[in-house]
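Here is a short tour for someone meeting this structure for the first time. Have a look at the sequence and the model, and then read on.

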Amino acid sequence: MILRQQIWNNLWKEFNGYCLFHSRCYSSSSSKINWSKLRPLIHKRIQHRSGNYPLKNMIPVAYDVLNARADLVQGVSTLLKYIPMKACKFCSEVYIGEHGHQIQTCHGFRRRAKNQVHEWIDGCLNDILVPIEAFHLRSMFQDLIKHDQRFDFERIPAVLELCCQAGANIFDDNLHSYNWTSDTNEIGVAAETNMPQELNILAVKTLEAWESLISGVQRLLLVYPTKVCKHCSEVHIGPSGHKARLCGVFKHESWRGSHIWKKADVRDLIPPKVVWRRRPQDPPVLYNEGRDYYGHAPAVVELCFQAGAIVPLKYHCMMKINGLPPTSNSIVLK
C-alpha cells in the first residue's frame, strides 16, 4: 500500500513538472485587451471583406455551372416531347411514364384527405426542374433586406444568383438563352430529333449536364455562403438571410412569419424531385400493395434512363435495378 502511494506521488510530480514546463505564463497586464485599438481594425476588415470576392479560381466553375444549367434545361425540354410524364393535380408528385401509378402517397391540399390515389395530368418542365428563386443582391455583403424592401430587389433563380456572386456574367444571352421557367414549346431545339440514336445521345448529354450542375454547385457552396429557411424552401445567397417576413409556417403568424435560417445544401438549390420508377420485372401499373419493392430515382435521371442513357452506379441502390419483383400475394389487382 505504501509502495503504491509512492508510485502515485512520483507520477503526480512528473505530471505537474511537465505541465509547468510546457505551459505558457501570462502576466496580468497581458490578459487585458485594448478594445479601443482592436475595434477600428475589426470594423475596417468587415467593411473591406468584399474585396476578397469573387475568387478568381472559382469564376470558371461558375461559368461551367451556367453552361451545364443551359444544357440541362434544353435537354429535359426536348426529352419531354417524346417521353410522357405525368404530374399530380393536387400535390408535387411526378411520374415518368404514359400512365401514372396507383400508389397512395398524395398529400394534397390542406382540406384533402391524406394518402390518397393521385389524380394525374400532363406534366411540364417546372414539374421536374423545380424553380427555386432568390433575391438578386447588388453586393454580396450589402445590408440586410428588410421586409418593406422586398419589392425593391429582383427575384432570379438561386443558381444564377450563386453564379453571379461567384463572378459570372449571368446576363450574357449567349450563356443561358433558355430560362428555367420557359415553356417547353419555346425551346429552340430541333423538333425533328425523334430518332432513337439521337435521343440516346441527347439523354447522355443531359445526364452529364445534370451531374456537372450538381458537382459545380457543390463546389460553389463550399466558398460562397448560402442560407435556407428551416421551415420552407426560401433560399438566400449571402452570409446572412433577409428580413422579409414571408415564411408563414406558424398559424399564429399567418404570412408574416420570419424565416429561421440555416446553412443550405445543393438539394435546397436544385431539388432532386425523387420519383417512383417501374422496372421490367414490375407490373404495368405500380400498385400500392407492392410499394416496398419498387425503386426510386431523381426525375431527371429516370427521364434520361428511359431515353437510353446509362445511369451511374451511385443511383443503382435506390433504383433497385436488380431487386425482386412484388409477389403475387402482395399485389391485389382491382
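What follows walks through a sheet, some salt bridges, the nonpolar cores and a couple of single residues. Keep in mind that this is a predicted model.

**A three-stranded sheet**

Let's start with a sheet. It is open, has three strands in the order E2-E1-E3, and its pairing is antiparallel. Strand E2 (94-96) and strand E3 (120-122) sit at the edges, each pairing on one side only. On average, neighbouring strands here are turned by 35° against each other, if you ignore direction.

Now for the pairings themselves. Strand E1 (residues 85-88) joins E2 in the antiparallel sense, and three bridges connect the two. Within that pairing, Ala-87 has Val-94 of E2 as its bridge partner, while Met-85 is partnered by Ile-96, also in E2. E1 and E2 make a hairpin, and five residues lie between them.

E1 also pairs with E3, again in the antiparallel sense and over three bridges. Here Cys-88 stands opposite Trp-120 of E3.

Which way do the residues of E1 point? Met-85 and Ala-87 go one way, Lys-86 and Cys-88 go the other way, and all of them are buried.

**Salt bridges**

How many salt bridges does the structure hold? There are seven. The table shows three of these pairs.

| Lys-89 | Glu-119 | 3.9 Å |

Take the pair Lys-89 and Glu-119, whose closest N and O atoms are 3.9 Å apart. Lys-89 is partly exposed, because its relative accessibility is 48%. Glu-119 is partly exposed too, with a relative accessible area of 36%.

Arg-279 has a relative accessibility of 1%, so it counts as buried. Asp-282 is at 5% relative accessibility and therefore counts as buried as well.

On to the inside. In soluble globular proteins, nonpolar side chains tend to be buried together. In this model, the largest nonpolar core has 62 residues, and the members that touch the most others are Ile-128, Trp-210, Val-217 and Leu-269. Several elements give two or more residues to this core, including helix H3 (59-79), E2, helix H4 (125-128), helix H5 (158-165), strand E7 (235-237) and H8. Which element provides the largest share of this core? That would be H6, with eleven residues.

Leaving aside residues up to four places away in sequence, Val-217 touches Val-65, Val-159, Leu-162, Val-266, Leu-269 and Ile-270. There is also a second, separate core of eleven residues, and among its members are Phe-90, Tyr-95, Cys-106 and Tyr-294.

**Two residues to look up**

With a relative accessible area of 8%, Leu-160 is buried. Along the chain, Leu-160 and Glu-133 are 27 residues apart, and their C-alpha atoms are separated by 9.0 Å.

Then try Asn-57, found in the loop between helix H2 (35-47) and H3. Asn-57 has a relative accessibility of 69%, so it counts as exposed. How far apart are Asn-57 and Ala-166 in sequence, and what separates them in space? They are 109 residues apart in sequence and 9.6 Å apart in space, C-alpha to C-alpha.

How values were computed. Residues numbered from 1 in each chain as written. Predicted model: local features only at pLDDT ≥ 70, side-chain atom pairs only at ≥ 80, totals over all residues. Heavy atoms only, no water. Pairing = 2+ DSSP bridges. Helix = DSSP H or I, 4+ residues; strand = E, 2+ residues; numbered from the N terminus. Axes fitted to C-alpha atoms, helices over the stretch in contact; angles between N-to-C directions. Salt bridge = Lys/Arg side-chain N within 4 Å of Asp/Glu carboxyl O. Buried < 20%, exposed > 50% of the residue type's maximum accessible area, 1.4 Å probe, protein only. Core = buried A, V, L, I, M, F, W, Y, C linked by side-chain atoms within 4.5 Å. Contact = heavy atoms within 4.5 Å.
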